[in-house]
Amino acid sequence: MNKIERRDFIKKASIASLAGSAILAGCESKSKEKNVYINFKKNFEWKMVTAWPPRFPILGEGAQKLAEQIEQMSAGRLKITVYGGGELVPALESFDAVSLGAVEAGHSASYYWAGKAPAAQFFTGIPFGMNTLQTYSWLYSGGGLELWRELYEPFNLIPFPAGNTGAQMGGWFNKEINSIDDLQGLKIRQPGLGGKVITEAGAQAILSPGGEIYTNLERGVIDATEWIGPYHDYLMGFHKIAKYYYYPAWHEPTGVLEMFVNKDQFEKLPKDLQLIIDQACRAANLDMLAEIEKKNQEYLNKIIDEEDVEVKPFPNEVFNKLKIYSAEILDDIIANDEMSRKVYKSYSAYQKKIASWSKSADSNYGISI
Ligand code: CA
């Protein structure tokens with residue numbers, strides 16, 4: 001490079017650098033503005049860690065679809081890379097990872113965080129609690145989501161309902177359950193509040209990781225297990241090794257999933273991207289539910305028609321006793337935690353209020369068809 005070329009290069013580089021500074025200054029002044037609605041010049045790349053095994057049917061797939069929709073709706077301005085549990089952080093550390101800002105977002109079920117905040121359980125679904133439709137009504141129109149946000153605020157997180165397992169199933173048993181006494185001494189793989197309830201009934205709640213349930217049931221290490229619903233249960237192969245498949249899922253009448261985002265990162269987004277996250281999560285509630293309901297009916301029919309399994313309801317006596325034990329467990333939780341008391345007050349009042357409408361609109365219709 002001769003002298004003239006060098007001077008020319010320096011001149012061009014200076015102009016480029018000045019132009020660059022001007023663009024940066026422009027972005028900075030814009031990002032400092034409050035309530036920026038849209039900014040086509042700034043792209044965001046987020047990571048979302050999930051509590052699901054990689055490519056887990058419906059739940060993990062739904063998280064992936066949610067990320068893709070956010071990217072498409074934002075014309076690529078918010079790109080979210082999704083990681084299965086253990087790919088970036090262990091499944092049950094996703095809450096902390098997002099809370100501390102190591103990653104921007106997570107996808108999970110709030111009841112996994114009961115150890116950090118007992119009231120978190122109410123937002124996924126509770127034994128003998130509201131069904132899916134009633135729960136969404138409480139969350140979006142009955143003050144539930146505001147309480148959920150209040151609960152996550154100290155963790156620097158904002159939760160969004162984002163997907164659903166729908167109503168689950170009662171579980172697979174190798175012994176017929178004719179009375180509450182038949183649960184005595186049974187070893188049942190059942191986590192969460194449901195596990196506490198069956199312990200009250202004299203059973204032993206066992207925690208088996210997903211990958212070990214089949215072998216444990218086959219070898220008699222456990223006598224029964226609950227998992228999700230007919231589709232996921234079929235994929236697990238339980239119909240090959242258990243004789244009875246009970247309904248309903250008294251312990252999980254719905255299963256609200258969540259996307260949670262780091263509050264600081266969320267606040268850095270222009271308003272339109274914030275709204276896109278909110279709306280894409282609402283769409284995920286519908287999409288995942290539609291998909292799982294379709295798969296569950298297909299696979300329930302398959303189990304009834306093709307497998308040597310008796311599909312039956314829990315006897316009334318068992319159902320009613322479990323309901324009493326559930327109320328005792330919930331009383332215990334709200335007696336020991338102020339936020340649980342506050343959330344349950346709102347939840348149970350809504351459940352009572354909506355019951356007569358649900359009965360006239362849904363239950364009676366169900367009976368007539
Ligand atoms: Ca379950």
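I'll start with I58, which is buried at a relative accessible area of 4%; buried means under 20% relative accessible area, exposed over 50%, and partly exposed in between, with a 1.4 Å probe and protein chains only. This is a predicted model, in which local features need pLDDT of at least 70 and side-chain atom pairs count only at pLDDT 80 or more, while totals for chains, interfaces and linings use all residues. Residues are numbered from 1 along each chain as its sequence is written, and side-chain values use heavy atoms, with hydrogens and water left out.

Back to I58. Its phi is positive, about 65 degrees, although I58 is not a glycine. I58 sits in the loop between β1 (44-50) and α2. Helices here are DSSP runs of H or I with at least four residues, strands are runs of E with at least two, and both are numbered from the N terminus.

A75 also has a positive phi without being a glycine, near 55 degrees. A75 is in the loop between α2 and β2 (78-83). At 67% relative accessibility, A75 is exposed.

Next, α2 itself. Which helix does α2 pack against, and at what angle? Helix α2, residues 59-73, packs with helix α10, residues 271-306, at an angle of about 140 degrees, and their axes are 9 Å apart. Axes are lines fitted to C-alpha atoms, for helices over the stretch in contact, and angles run from 0 to 180 degrees between N-to-C directions. The crossing of α2 and α10 is right-handed. By convention, a crossing is right-handed if the near helix is turned clockwise from the far one by less than a right angle, and left-handed if anticlockwise.

On the α2 side, the residues in contact include L59, G62, L66 and M73. They meet residues of α10, among them I276, A280, A284 and M288. Contact means heavy atoms within 4.5 Å. By residue type, this contact of α2 with α10 divides into 12 nonpolar, 3 polar and 2 charged. For that division, Ala, Val, Leu, Ile, Met, Phe, Trp, Tyr, Cys and Pro count as nonpolar, Asp, Glu, Lys and Arg as charged, and the others, Gly among them, as polar.

W227 is buried at 15% relative accessible area, and E252 is buried at 9%.

The loop between β9 and β10 also holds P248. The peptide bond from Y247 to P248 is cis, with omega near -5 degrees.

S99 lies in helix α3, residues 94-99, and is buried at a relative accessible area of 17%. Leaving out residues up to four places away in sequence, S99 touches F155, N156, L157 and N262. Is L100 buried or exposed? At 73% relative accessibility, L100 is exposed. L100 is in the loop between α3 and β3 (105-108).

Then helix α6, residues 192-200, whose buried residues are L193, G194, G195, V197 and I198. Their cover includes β6 (187-189), β7 (204-206) and α11 (316-336). T199 is also in α6, but T199 is partly exposed, at 44% relative accessible area. After α6 comes G202, with a positive phi near 95 degrees.

Last, the totals. The protein chain has 12 helices and 11 strands. Of its 369 residues, 48% are buried. Among contacts between residues at least 6 apart in sequence, 79% join residues at least 24 apart. The chain exposes about 18300 Å², and carbon and sulfur atoms supply 54% of that; accessible areas come from the Shrake-Rupley method with a 1.4 Å probe, and for residues only the protein chains shown count as cover.
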